Amino acid sequence: MASSIVGGGNKFRDYLSDEELKNTKWRNGPPSYDVVDKLFEQERTNVWAEGSVEEKVQRLLKTWEMEIVHKADPNELKTMDPNKFTISVNGRKGLTPAESAKLGGSYNIFLQTSLPENVRLYNPDDETFESSQNLFRSIFLRGFAIEILHVYSGPPGIVYKFRHWGYMDAPFKGHAPTGQLIELFGIGTFELDKESNKIIKAEMFFDRGELLGGLVKGESNVASTCPFMK
């Protein structure tokens, strides 16, 4: 696993050296993690020892997340093999990078649902990559941090428990901000290629309602078509 996470980086992620920030093809310019890293350091559950399996997996997770969200060219992905990689959420079909891009990537992948459209608190079919990123970045002004809580098995088959959290500082789909902590817990897996040590398969399992339910607690200024919200 170590060979897949080498080269510069910020305090918690690799491949963010000055040279890489300058020469990488970014979706919307080089990313900055100053705000979310402050939240992470202030409120993380554990401070894993450098070099521990938990610290390595956490760094891999954060670097992988950075690449899939911010890098525009699949050929510049360093934590994963774009020709073999698939991602699956809650047991759904594994998606290739091209299929993920068609769905709008990132939040649209993780918040896929089979619920009828009239009861969806967030509808991935109506969102693009840009609109979904703008929406959640506007809500979590202090960032949406992620940490590793436990590693159940190490490479090449990594299984881990994670915590994702932030504070609702702005409206969501007509619901007033509450300022409250929003937490999401789940299980993730990475399968690494035994030769390249790059991720070839990622899976995540979590309850999307832990995220979305917390975002609709505030007073709503729109009429709801959801029978459960009346």
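Student: Which residue forms a salt bridge with Asp14?

Tutor: A salt bridge here is a side-chain nitrogen of Lys or Arg within 4 Å of a carboxyl oxygen of Asp or Glu. In this predicted model, local features need pLDDT of at least 70 and side-chain atom pairs count only at pLDDT 80 or more, while totals for chains, interfaces and linings use all residues. Residues are numbered from 1 along each chain as its sequence is written, and side-chain values use heavy atoms, with hydrogens and water left out. At 3.2 Å from N to O, the side chain that meets Asp14 is that of Arg59.

Student: How many residues apart in sequence are the parts that this pair ties together?

Tutor: Helices (H or I, at least four residues) and strands (E, at least two) are DSSP runs, numbered from the N terminus. Asp14 lies in the segment before α1 (18–23) and Arg59 in helix α3 (residues 53–70), so the separation is 45 residues.

Student: Are Asp14 and Arg59 buried or exposed?

Tutor: Buried means under 20% relative accessible area, exposed over 50%, and partly exposed in between (1.4 Å probe, protein chains only). By this definition, Asp14 and Arg59 are both buried.

Student: Which strand holds Arg163, the salt-bridge partner of Glu183?

Tutor: The closest N and O atoms of Glu183 and Arg163 are 2.7 Å apart. Glu183 lies in strand β4, so the pair ties together parts 20 residues apart in sequence, and the strand of Arg163 is β3.

Student: Which residues are joined with Arg163 into one network?

Tutor: Arg163 is buried, with a relative accessible area of 8%. Salt bridges that share partners join Arg163 into one network with Glu147 and Glu183.
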